[in-house]
Amino acid sequence: MPSEKDNARYREIVTKAVCGKGKKHCKDTHVVKPPQKPTSILGCWIINHEYEADRKGDSVEILGSYDINVWYSYDENTKTDVTSENVTYTEVVPLAMKQNEMIGDEVDVIARALKQPNTLEASIGEKGKEVKVDVEKEFSAEIVGETKVCIQIHPEAEDDDYKNIRWDEQVSDEELKKIDTDFLDDKKQ
């Protein structure tokens, strides 16, 4: 059993830290229906990607949307057009959680697109009237919450940088409040 002296050498600090994290690679197939029957696909790109994330238990749910633009030819490759379709999606990113280390339920959810949605392949569907678009994207997600960390302290160890400081000669809090912070603006005029 540790003595009282040993207990004095440790402190618990309450701080915000990552308490859960995960990553997910996603592949989806979307169907875009152009107004004309396509003869061939000339290009396909994805723009206007937006998303929001929220915690759902030990996962992060990402709700998002993007526009799929398909450039295609029609009328036996004599004319071209671009069709655009807005697509919505839901992705659930499972997290490796350290929930027993969290204090309280208030958390911040951070989600990042590691790979923005991009087209893997665009092809004319079996019926010839629609375009199948294969899309990939990748997300990382983190839950940040309050947690306790335990640190060992060494009160007898003094940092060499602080040994010779005369604290009575340092700027006081009151002196810091009196500093004119607009002095740079005065020189611009």
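This report walks through strand pairing, salt bridges and a charged patch in a predicted model.

## Strands around β7

Let's start with β7, which covers residues 131-152. Strand β1 (residues 10-32) runs antiparallel to β7, and the two pair over 22 bridges. If you want a spot to check in the viewer, Thr 15 has Thr 147 of β7 as its bridge partner.

Strand β6 (residues 102-124) also pairs with β7 in the antiparallel sense, here over 15 bridges. Glu 121 sits opposite Asp 134 in β7. The hairpin of β6 and β7 has 6 residues between the strands, and in it Gly 128 takes a positive phi near 80 degrees.

The structure has 7 salt bridges. One of them joins Lys 148 and Glu 12, with the closest N and O atoms 3.5 Å apart. Lys 148 belongs to strand β7 and Glu 12 to strand β1, so this pair ties together parts that are 136 residues apart in sequence. Glu 12 counts as exposed at 57% relative accessibility, while Lys 148 is partly exposed at 47%.

Lys 137 and Asp 28 form another salt bridge, at 2.4 Å from N to O. Again the link is between distant parts of the chain: Lys 137 is in strand β7 and Asp 28 in strand β1, 109 residues apart. How accessible is Lys 137, buried or exposed? It comes out at 0% relative accessibility, so Lys 137 counts as buried, the cut-off being under 20%. Asp 28 is partly exposed, with 22% relative accessible area.

With Glu 136 in strand β7 and Lys 115 in strand β6, the pair ties together parts that are 21 residues apart in sequence. Glu 136 is buried at 10% relative accessible area, whereas Lys 115 is partly exposed at 32%. Some of these contacts join up: salt bridges that share partners put Lys 24, Asp 28, Glu 91 and Lys 137 into one network.

## A positive patch

Now for the surface. Which residues form the positive surface patch? They are Lys 33, Lys 37, Lys 127 and Lys 129. Lys 33 sits in the loop between β1 and β2 (38-56), and Lys 33 is exposed, with a relative accessible area of 56%.

Conventions. Residues are numbered from 1 along each chain as its sequence is written. This is a predicted model: local features need pLDDT of at least 70, side-chain atom pairs count only at pLDDT 80 or more; totals for chains, interfaces and linings use all residues. Side-chain values use heavy atoms; hydrogens and water are left out. Two strands pair if DSSP finds at least two bridges between them. Helices (H or I, at least four residues) and strands (E, at least two) are DSSP runs, numbered from the N terminus. Patches are made of residues with over 30% relative accessible area and no salt bridge: like charges are joined within 9 Å, nonpolar side chains (Val, Leu, Ile, Met, Phe, Trp, Tyr) within 5 Å. Accessible areas come from the Shrake-Rupley method with a 1.4 Å probe; for residues, only the protein chains shown count as cover. A salt bridge is a side-chain nitrogen of Lys or Arg within 4 Å of a carboxyl oxygen of Asp or Glu. Lys and Arg count as positive and Asp and Glu as negative; His and the chain ends are not counted. The place of a charge is taken as NZ of Lys, CZ of Arg, CG of Asp or CD of Glu. Buried means under 20% relative accessible area, exposed over 50%, partly exposed in between (1.4 Å probe, protein chains only).
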